[in-house]
Amino acid sequence: MATPADMREENLRQDDHMSKTLTDKSGATVKVELEIGSPIGSYTVSLDDGSTVGRADFVDPPGPGHERIFFHTEVDEDFGGRGLAGLLVREALDDSIRRKLTVVPLCPVFARHLEGHGSEFTARGGVFRRPTPADFALVTRAARGGA
């Protein structure tokens, strides 16, 4: 019989190589991909030539919960105005719904998006909660190379 931790690991492993081709505001084709890492993973956005121009970093806390803490989003300033940060946020949130993960928005970009569109996110099956001091501590440890 699978334990909750086993089920969580399977849930996170399923389709770890998520990749979606989209069109940005300029009409250019970009690719958003999931990169599962330990302890930090990312959703990245890249151009047709394969160069990564943006990322949304997260930590999946250990234990039985099904959460993803988004703590940093950035897009290369040379590509500002093309809506790439919005594409990253929307794709990460869609993927979180698919994986049945609770989103914890430490990142101001995610927090602002959920502030304005949280009811739409939850209506589509998404779940999010406010960050706690323990979430900040976990991200700090992960950034220092620990989990």
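This report walks through the sheet, a helix, some loops and a pocket of a predicted model.

## Ground rules

The model is predicted, so local features need pLDDT of at least 70 and side-chain atom pairs count only at pLDDT 80 or more, while totals for chains, interfaces and linings use all residues. Residues are numbered from 1 along each chain as its sequence is written, and side-chain values use heavy atoms, with hydrogens and water left out.

## The sheet

Let's start with the strands. Helices (H or I, at least four residues) and strands (E, at least two) are DSSP runs, numbered from the N terminus. Here 7 strands make an open sheet with mixed pairing, in the order E1-E2-E3-E4-E5-E6-E7. Strand E1 (19-23) and strand E7 (127-128) are at the edges with a single partner strand each, so one side of each has no neighbour in the sheet. Two strands count as paired if DSSP finds at least two bridges between them.

Now for some of the pairs. Strand E2 (residues 29-35) and E3 are antiparallel, with 5 bridges; Val-32 has Val-45 in E3 as its bridge partner. E4 and E5 also pair in the antiparallel sense, over 6 bridges, and Ala-56 stands opposite Thr-73 in E5. E5 and E6, by contrast, run parallel and are joined by 4 bridges, where Glu-67 has Thr-102 in E6 as its bridge partner.

## A residue in strand E2

Lys-31 is part of strand E2. Buried means under 20% relative accessible area, exposed over 50%, and partly exposed in between (1.4 Å probe, protein chains only). Lys-31 has a relative accessibility of 33%, so it counts as partly exposed.

Contact means heavy atoms within 4.5 Å. Leaving aside residues up to four places away in sequence, Lys-31 touches Ser-19, Lys-20, Thr-21, Thr-44, Val-45 and Ser-46. The C-alpha atoms of Lys-31 and Thr-44 are 7.9 Å apart, although the two residues are separated by 13 residues along the chain.

In helix H4 (residues 133-143), the buried residues are Asp-135, Leu-138, Val-139 and Ala-142. Looking down the axis of H4, these buried residues fall within an arc of 95° (taken from the directions from the helix axis to the C-beta atoms), so they line one face of the helix. The buried residues of H4 pack against strand E3 (40-46), strand E4 (52-59), strand E5 (67-75) and strand E6 (102-105). After H4 comes Gly-145, with a positive phi near 100°.

Most residues other than glycine have a negative phi, and most peptide bonds are trans. Lys-100 is not a glycine, yet its phi is positive, about 60°. Lys-100 sits in the loop between helix H2 (84-98) and E6, and is exposed, with a relative accessible area of 67%.

The peptide bond from Ser-38 to Pro-39 is cis, with omega near 5°. Pro-39 belongs to the loop between E2 and E3.

## A pocket by helix H3

The lining of the second largest pocket consists of Pro-105, Ala-111, Leu-114, Glu-115, Phe-128, Arg-129, Arg-130 and Pro-131. On a 1 Å grid over the protein atoms alone, a pocket is an open set of points where a 1.4 Å probe fits, with protein on both sides within 12 Å along at least five of seven lines; lining residues have an atom within 4 Å of a point. Helix H3 (residues 108-123) gives the most to this lining, with 3 residues.
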